[in-house]
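Biologist: Please pick one part of this model and look at it closely. Then place that part within the rest of the chain.

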Amino acid sequence: MKSLLIAVALTTSAAFALTAFVEAKDEAKVQAAKDVLPPGSVSAKAGLDAWTRIEAVVTHPRCANCHVDAAGIPMWTPAGENRTRVHGMNIHAGESRIGAETIACSTCHVTSTAPNEPAPAPLRAGIDWQLAPVEFLWFGKTGAEICEQLKDAKRNGGRDAAGLLEHLRHDASLNGFIPRAWNPESGRSTPPGTFEDHVKDVALWGAAGQPCPQ
Ligand code: HEC
Ligand code: HEC
């Protein structure tokens with residue numbers, strides 16, 4: 001009886017979590033549908049200008065430090081230093097990308113929607129802290145390489161132009177990593193513009209047919 005109750009409780013909480021997740025996804029879909037601009041409504045020139053601004057965001061340490069290679073070593077750009085170096089304390093994300101094999105990232109980077117603390121406190125987010133999947137490698141790549149990769153469904157999680165907007169809105173609805181890059185708390189630099197500017201630029205770039213620098 002007891003185990004049945006536990007099973008029921010577990011199923012119910014899993015269903016709750018799933019419902020919340022599905023709702024966040026639906027909301028993000030609705031929001032992203034409003035962000036999308038009609039294909040062809042933006043010139044290639046304006047699309048390339050938008051890409052220049054997107055590139056400044058995706059190569060910024062607040063984004064690229066997590067989008068690292070299969071070695072699984074996160075990057076650090078400590079406050080007051082302008083050079084990026086490997087994460088201190090011998091942190092290794094492992095194949096799990098969440099540090100399951102050694103120390104879980106969430107030991108220090110807690111899952112919380114509370115604002116970040118000033119540097120050098122570990123950053124936090126509303127979703128569990130982890131490295132981006134290996135295919136989404138940005139760190140050390142040129143802007144032109146990242147551009148090609150961002151529009152390649154095999155290397156961006158199967159997302160078309162609208163799918164990328166949906167990812168931004170979905171992440172924001174969970175208080176995830178992307179909008180928080182503009183609120184890292186004092187001591188840390190932020191990517192240029194705002195999160196909403198970034199969404200607009202991704203929409204402009206998409207409507208122009210995702211042009212990349214040659
Ligand atoms: C804490 C680590 C972390 C940070 C910081 C981070 N990301 Fe990511 N990123 C991830 C993870 C994990 C995924 C995979 C999520 C998924 O596919 O659902 C991801 C996936 C993505 C994707 C979709 C896949 C792709 O490459 O096309 C985009 C776009 C993206 N991130 C943009 C950004 C931007 C822009 C920033 C900075 C403003 C940023 N990320 C900062 C961890 C991070
Ligand atoms: C022992 C505590 C600790 C653990 C465990 C830890 N981190 Fe960190 N991490 C920190 C601290 C502290 C900072 C902030 C350093 C600073 O900015 O001065 C940080 C910063 C980062 C940054 C830089 C973020 C930015 O915006 O530049 C990334 C990326 C990162 N950690 C990823 C990870 C990943 C991935 C894991 C798990 C594999 C992990 N960390 C595990 C303490 C930790």
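**The packing of helix 2 and helix 4**

Modeller: Helix 2 and helix 4 pack with their axes 10 Å apart, at an angle of about 100°. Here axes are lines fitted to C-alpha atoms, for helices over the stretch in contact, and angles run from 0 to 180 degrees between N-to-C directions. The two helices are therefore roughly perpendicular to each other, the word used for angles of 65 to 115 degrees, with under 35 counted as roughly parallel, over 145 as roughly antiparallel and the rest as oblique. Helices (H or I, at least four residues) and strands (E, at least two) are DSSP runs, numbered from the N terminus.

This is a predicted model, in which local features need pLDDT of at least 70 and side-chain atom pairs count only at pLDDT 80 or more, while totals for chains, interfaces and linings use all residues. Residues are numbered from 1 along each chain as its sequence is written, and chains are lettered from A and ligands numbered from 1 in the order in which they are written.

On the helix 2 side, Trp-51, Glu-55 and Val-58 make the contact, and they meet Gly-143, Ile-146 and Cys-147 in helix 4. Contact means that two C-beta atoms, placed from the backbone, lie within 7 Å. By class, this contact has four nonpolar, one polar and one charged residues. Nonpolar covers Ala, Val, Leu, Ile, Met, Phe, Trp, Tyr, Cys and Pro; Asp, Glu, Lys and Arg are charged, and the others, Gly among them, are polar.

Helix 2 (44–58) also supplies at least two residues of the shell around ligand 1, as do helix 3 (61–64), helix 5 (161–173) and helix 6 (177–180). There are 21 residues around ligand 1, and Cys-63, Cys-66, Ala-132, Asn-156 and Ala-181 come nearest; a residue is near a molecule if its C-beta atom, placed from the backbone, lies within 6 Å of it. The shell of ligand 1 consists of 14 nonpolar, five polar and two charged residues.

Helix 3 takes part in the shell of ligand 2 as well, where helix 3 and strand 1 (75–76) each give at least two residues. Of the 28 residues around ligand 2, the nearest are Pro-74, Gly-99, Cys-105, Cys-108 and Pro-120, and the shell divides into 20 nonpolar, seven polar and one charged.

The loop between strand 2 (85–86) and helix 4 (143–150) holds Pro-120, and the peptide bond from Ala-119 to Pro-120 is cis, with omega near 10°. In that loop one also finds Asn-90, which has a positive phi of about 60° without being a glycine. Most residues other than glycine have a negative phi, and most peptide bonds are trans. Asn-90 counts as exposed because 9 C-beta neighbours lie inside 10 Å; the cut-off is 12 or fewer for exposed and 20 or more for buried, with partly exposed in between, using C-beta atoms placed from the backbone.

Phi is also positive, near 60°, at Asn-175, a residue in the loop between helix 5 and helix 6. Asn-175 is partly exposed, with 16 other C-beta atoms within 10 Å.

Of its 214 residues, 24% count as buried.
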